[in-house]
Protein chains: 2
Amino acid sequence: MCELLGMSANVPTDICFSFTGLMQRGGNTGPHRDGWGITFYEGKGFRTFKDPNPSCQSKIAELVQQYPIKSCAVVSHIRQANRGEVKLENTHPFTRELWGRYWTFAHNGQLSHYENLPTGRYIPVGETDSELAFCWLLNQLEQQFIALPADLTALYQFIAQCCDKLRSLGVFNMLLSDGESVFTYCSNNLHWITRRAPFGEASLIDEDVVIDFQQETTPNDVVTVIATQPLTNNEQWHKMRPGEYCVFHLGELKATNHGFCAPQLPPNAQPKSA
Amino acid sequence: MCELLGMSANVPTDICFSFTGLMQRGGNTGPHRDGWGITFYEGKGFRTFKDPNPSCQSKIAELVQQYPIKSCAVVSHIRQANRGEVKLENTHPFTRELWGRYWTFAHNGQLSHYENLPTGRYIPVGETDSELAFCWLLNQLEQQFIALPADLTALYQFIAQCCDKLRSLGVFNMLLSDGESVFTYCSNNLHWITRRAPFGEASLIDEDVVIDFQQETTPNDVVTVIATQPLTNNEQWHKMRPGEYCVFHLGELKATNHGFCAPQLPPNAQPKSA
């Protein structure tokens, strides 16, 4: 199995604090030694850092922890290999273009009988069930919608239906982003927390690090962090239910199975830390 | 305009030496302040580091210079923006999947009347002439061949024909790789050098750095470096002619306009430095 980490924020925010917690699970406090990756969106562009080496020993992971790259949408993953060898092409997240946007995907879980899912023009490069599921999902989206639909509810519900199908093949916890929204789907383990004013202190479970978000934020900042397991031990994380999806946009919960939430869109504020 | 840097090698080789030279042109000895990027293949996978900030000031460029990432196929670029703003989505190299492989592209030059080139399923995300030309090229390849053709001569000649067409729209120097071969096309400025035993010393033009390749290599190593302008001042670089293409595979020149060269494939040797 693997661990997922995602972020959605209304101002460009670094994820150094949360990433520091996650990276410890890549060989130190967790068994996920088989690679890690993180994708930061900046506008319509993205940058991905990845490594098939354990995150707790990775020079590149060290850079990502120390050098605050600020983003409004982040997808990250540490891997404990099941399907597919420990190789760079099997390291999440995976990114492909659809409708003139880059879509980024990371998966926690394991699927069976997935090999014959049709992927159309999206051909997997590596051998993981995850990349194949991603290619299938993009192909489904392309078959269903000619372009990004104006009705985002329809889009989200369709993605959720595709995820339901994948969940019927095994364990399928997922993060998916087009740089605007962060779509999350829960099969068994996925948690999220939205931080907003008044900000307090948070302390990492996996390392002896405490952050006072009040020092790092402005009153308008809204930042949601999504993770397989809670990363802090003094905050209340929402545990998602099996089959539940959540879509976050600019830090706010925008849609779930239960409906479409009108997002609060506070004015831009200063960059911060998550 | 921009500068290109590519490498093809028969053993995983770091490009720290050449990259150090190139990075100085990103704002110090050259005017290319508008971003830089580098893609390293490892097997079928790749990793890309990129930044819309000047390379000579970039923390990430510093990491790439200091941390030897070893690869047999590298594509790199520093940018002086003409078409498209200074933004991450406009920063080269660009990577897309075709036939189950990742293809990576970087362009030096500027095109006119390119806007209506049909790109099929490959939709540009940014606004550069370069990314659009890449999308068009991939679409042409997909239309022409159902899968990677067994006859690579036909593939190379077809890519060259596409490049000829792009050159008719302006200046088009290009690096293209699928992780196996590095395809180069010259419109006006592109140089290459193949280093093999007996290795000697090389000294960078752009910084006071000398390397003794003999210390870094084994007798079987073959490494080709491709660059817009020669990076060293004491070696003989081949200057490519307008309309000329060269394909390098495992360090050796494999094909050009003038025919198909049977590549020498020496046995694997130790990793080295380029």
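A salt bridge here is a side-chain nitrogen of Lys or Arg within 4 Å of a carboxyl oxygen of Asp or Glu. By that rule, 4 salt bridges cross the interface of chain A and chain B. The model is predicted.

**Interface: extent**

- Chain A puts 31 residues into the contact, and chain B puts in 31 residues.
- About 2,600 Å² is buried between chain A and chain B. Carbon and sulfur atoms give 59% of that area.
- On the chain A side, the residues losing the most area to chain B are Arg47(A), Arg121(A) and Val125(A). Together they account for 22% of what that side buries.

**Interface: polar and charged links**

- One salt bridge joins the side chains of Arg47(A) and Asp51(B), at 3.5 Å from N to O. Arg47(A) is also among the residues of chain A that lose the most area to chain B.
- Between chain A and chain B, 15 residue pairs are in polar contact, with both residues at pLDDT 80 or more.

**Interface: the chain A side**

- Four elements of chain A each supply at least two residues to the side that touches chain B: strand 3 (45-51), helix 2 (59-66), strand 5 (94-98) and strand 6 (101-108).
- Strand 3 of chain A gives the most, with 7 residues.
- By class, this side of chain A has 15 nonpolar, 4 polar and 12 charged residues.

**Largest cavity**

- The count is 3 cavities of 30 Å³ or more. The largest holds about 520 Å³ of space.
- Its lining takes in 31 residues. Phe46(A), Thr95(A), Tyr102(A), Phe46(B) and Thr95(B) lie nearest the centre.
- Strand 3 and strand 5 of chain A each give two or more residues to this lining, and so do strand 3 (45-51) and strand 5 (94-98) of chain B. In chain A, strand 3 and strand 5 are also among the elements on the side that touches chain B.

**Second largest cavity**

- The second largest cavity has a volume of about 60 Å³.
- Residues lining it include Cys2(A), Arg79(A), Arg83(A), His92(A), His107(A) and Asp129(A).
- By class, the lining of the second largest cavity has 2 nonpolar, 7 polar and 3 charged residues.

Note on methods:
Residues numbered from 1 in each chain as written. Chains lettered and ligands numbered in written order. Predicted model: local features only at pLDDT ≥ 70, side-chain atom pairs only at ≥ 80, totals over all residues. Heavy atoms only, no water. Contact = heavy atoms within 4.5 Å. Buried area = accessible area lost by both parts, 1.4 Å probe. Polar contact = N/O pair within 3.5 Å; in protein donor to acceptor, adjacent residues only side chain to side chain. Nonpolar A, V, L, I, M, F, W, Y, C, P; charged D, E, K, R; others polar. 1 Å grid on protein atoms, 1.4 Å probe; cavity = no way out; pocket = protein on both sides within 12 Å on 5 of 7 lines; lining within 4 Å. Points joined across faces, edges and corners; volume = space filled by probe spheres on them.
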